[in-house]
Amino acid sequence: FGLQREVDLHLRSFLSQKARKSDNFSDKSPLRTSSGGKLASDGGSDMQRDPFMQNSAVMDRVLHRRSLQIRNKQQEWQESPEGLKMLEFRKSLPAYKERDALLNTISQNQVLVVSGETGCGKTTQLPQYILESEIEAARGASCSIICTQPRRISAMAVSERVAAERGENLGESVGYKVRLEGMKGRDTRLLFCTTGILLRRLLVDRDLKGVTHVIVDEIHERGMNEDFLLIVLKDLLPRRPDLRLILMSATLNAELFSSYFGGAPTIHIPGFTYPVRAYFLENILEMTGYRLTPFNQIDDYGQEKIWKMQKQAQTFKKRKSQIVSVVEDAVEAADYRGYGLRTRESLACWNPDSIGFNFIQHVLCHIVSKERPGGILVFMTGWDDINSLKDQLLAHPLLGDPSKVLLLACHGSMPSSEQRLIFEKPEDGVRKIVLATNMAETSITINDVVFVVDCGKAKETSYDALNNTPCLLPSWISKASARQRRGRAGRVQPGECYHLYPRCVYDTFADYQLPELLRTPLQSLCLQIKSLELGGITKFLSRALQPPELLSVQNAVEYLKIIGALDENENLTVLGRNLSMLPVEPKLGKMLILGAIFNCLDPVMTIVAGLSVRDPFLTPFDKKDLAESAKAQFSGREHSDHLALVRAYEGWKEAERQQSGYEYCWKNFLSAQTLKAIDSLRKQFFYLLKDSSLIDQNIENCNTWSHDEHLVRSVICAGLFPGICSVVNKEKSIALKTMEDGLVLLYSNSVNAGVPKIPYPWLVFNEKVKVNAVFLRDSTGVSDSVLLLFGGNISRGGLDGHLKMLGGYLEFFMNPSLANTYLSLKRELEELIQKK
Ligand code: CDP
Ligand code: MG
């Protein structure tokens, strides 16, 4: 315990020292990342930041001269043949008719709410109108427009498009910035960034100095960051009367936002889309002649499925009796898995399983072979489903034939080279099919889509505040989403939309989706509120458009106290301040910081990168067993998914050095792409830690203990606590329990799943998700003493308080071995205190 106390003291002085060091640089953004030197400093022009220039007439003159140069350059482009052609296209967009009205309203009002159908030109045009009018007024060198996007992919795609429309390369007047990546130059005046990036900027620049316009896009999505940003901006507006705020939304609920900002003016851009014909399940079955398997021909596997579904349906019924009865009355004959599920229940428990891939495949075949040319956009529930469906379709004689079909999947974190294919027109005679999640609803525009297939569900994170458990369940989309999805088919000509659910189910959809703030854990958000010094968390959040439940807020605050980011009075601790600067979840940030302190940075960076990108271990549908045993090899006897990841990554690096990276990945069921993403994220972490002076220049020094598996395990435990479950090895099985949920299960691809024995009394885990049972993803075994020494926050109520809290766990689990370790540690502690 002496050791722990010393470590704790060391940590405090270390962190406060580092914090002081980084304070010296507080005029720089902590996010200045070094991605190949592409990024310049944040904020307005460099000239504005130069202290010698400020407050001087010289500066005004220089700015003016520069503005005139910028204006000439813009004119040159607009008069060039390509520029004229581009301008013509831009003038054909519905937004163009409103250009003057938009600019006038913006000049006369501080806040404007703009709505308009997807594709009418909000995102690409409105920020450009502002930029152009500033340039025309010879203010080109001093304006600074920030346009936020909810997703990385849209920030990147849109900035690229806008730069092209201005005849420039990215990084000239138009740039982008997303987490750990960006393209932005000295002359960048229009910056597309994720909402998170703007929030981070507010951390160091509370008044958004130098920014002239903030445009918040896609507010109808009601993402957590956007809702949060609106509260902050609402407070900022009176302090910055010259700042302009424009909110943009694809749907017509502009009133809500307008009244939030005291009755701000709204402008609706009347859209132009071609009519889209909607088919619902009943029509589709008829049209495509989908033949149902007679009930008595269903095989055993199918029977078992039905039985499971019936059981699920019963529980489902209790909760959602209303929807069920509507569905039951409507359609009885639907085959959602190709098993001929003619039961009423198969419709009632409409989970992704019940939207059969065979059925989707059948609909796609119908379109490809019978309907006119045009791209197909398929809305699926989630990435797993997209991958499995893609595999299935690739094996199909028609849909898998590359001379006839270009099959693409679209995902937020995919590499940009692949993204581009989605927007490009395929060769003549080839039909493009894009499988996407709900992100393709509004923020990206695929022009040549004529057919939309809509499965009606989206995987939505929700949050069960009572059990403090995040849930990831496919749930019905809203009417607004269904409308959006349908609209995607009418971009270039009249289109068709296949809704794979009955009309009566559509009728039960909610009008709009529940805002994210009301359905996710709030830890990162609360940390941000604290670090932005926005006052009491509860009070601040009560000013949101729709405030979250008190219980969710309390859970988040309690969590931050447990991990030591907040003290008992809800003040930010030194650790908390450092965590708020790192662009990862608090627990992962804590792991990084401890990895730096304990000089075992390399493996810890790999783990944190892996947890924030995605799992590099692939589990193909048909080779699940092989893939799982490949992964198990990496874990050896370590009983840790996190260490398995480290071993896999290190093996890959070695293989890369010998030019055999791809073979290595193939053999071990690893995704080379994900490993590359992890590799680059690791580099970013390293620069970030260096920039915030958390580590030495010399990477060797950060890795003195990297080979020490026990230490790395301890750091994992420190980061993931209180994500902990007890392990009871029984004769034939292993029982896992957490304090909140009771019995829990492991995902089958965990190295700890299906083993005869786990020789550790505890597992720490990264994430638990409630599907039908509670499942743990990625776990690592830890011993009693590691849990006692590294679990939780020792500064909370002193060592005694810490032990008391762990004692709470002890009582709950009634675990005698932990009790012994606990008692002996406590004795040692008491002696220590008496001596001192
Ligand atoms: O934001 P909103 O949905 O209103 O539309 P936008 O993203 O500004 O797109 C306006 C138009 O620009 C679209 O209708 C497309 O025709 C075109 N566009 C494009 O050709 N390529 C892109 N990457 C983005 C937009
Ligand atoms: Mg848009």
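Predicted model: local features only at pLDDT ≥ 70, side-chain atom pairs only at ≥ 80, totals over all residues.
Let's start with leucine 84, which is exposed, with 11 other C-beta atoms within 10 Å. Residues are numbered from 1 along each chain as its sequence is written, and chains are lettered from A and ligands numbered from 1 in the order in which they are written.

Leucine 84 sits in helix H4, residues 81–91. Helices (H or I, at least four residues) and strands (E, at least two) are DSSP runs, numbered from the N terminus. From leucine 84 to phenylalanine 685 is 601 residues in sequence and 44 Å in space, C-alpha to C-alpha.

Now for the opposite case, strand S2, residues 145–149. Here 5 of the 5 residues are buried, so S2 is largely enclosed by the rest of the structure. Which residues cover each face of S2? Ile145, Cys147 and Gln149 lie on one side, with Ile146 and Thr148 on the other, all of them buried.

Strand S5 (residues 190–194) runs parallel to S2 and is joined to it by 5 bridges, with isoleucine 145 opposite leucine 190. Strand S6 (residues 213–216) is parallel to S2 too, over 4 bridges, and there cysteine 147 faces isoleucine 215.

Next, the open sheet of 6 strands: its order is S9-S16-S13-S10-S12-S11, with parallel pairing. S9 (276–279) and S11 (405–410) are the edge strands, each pairing on one side only. S9 is joined to S16 (residues 495–499) by 4 bridges, and alanine 278 stands opposite cysteine 497.

Last, ligand 1. Of the 15 residues around it, Gly119, Lys122, Thr123, Thr124 and Arg161 come nearest, where near means a C-beta atom, placed from the backbone, within 6 Å. Which helix gives the most to this shell? Helix H7, with 4 residues; H7 (122–136) and H8 (152–165) each supply at least two.

Note on methods. Pairing = 2+ DSSP bridges. Buried ≥ 20, exposed ≤ 12 C-beta atoms within 10 Å, placed from the backbone.
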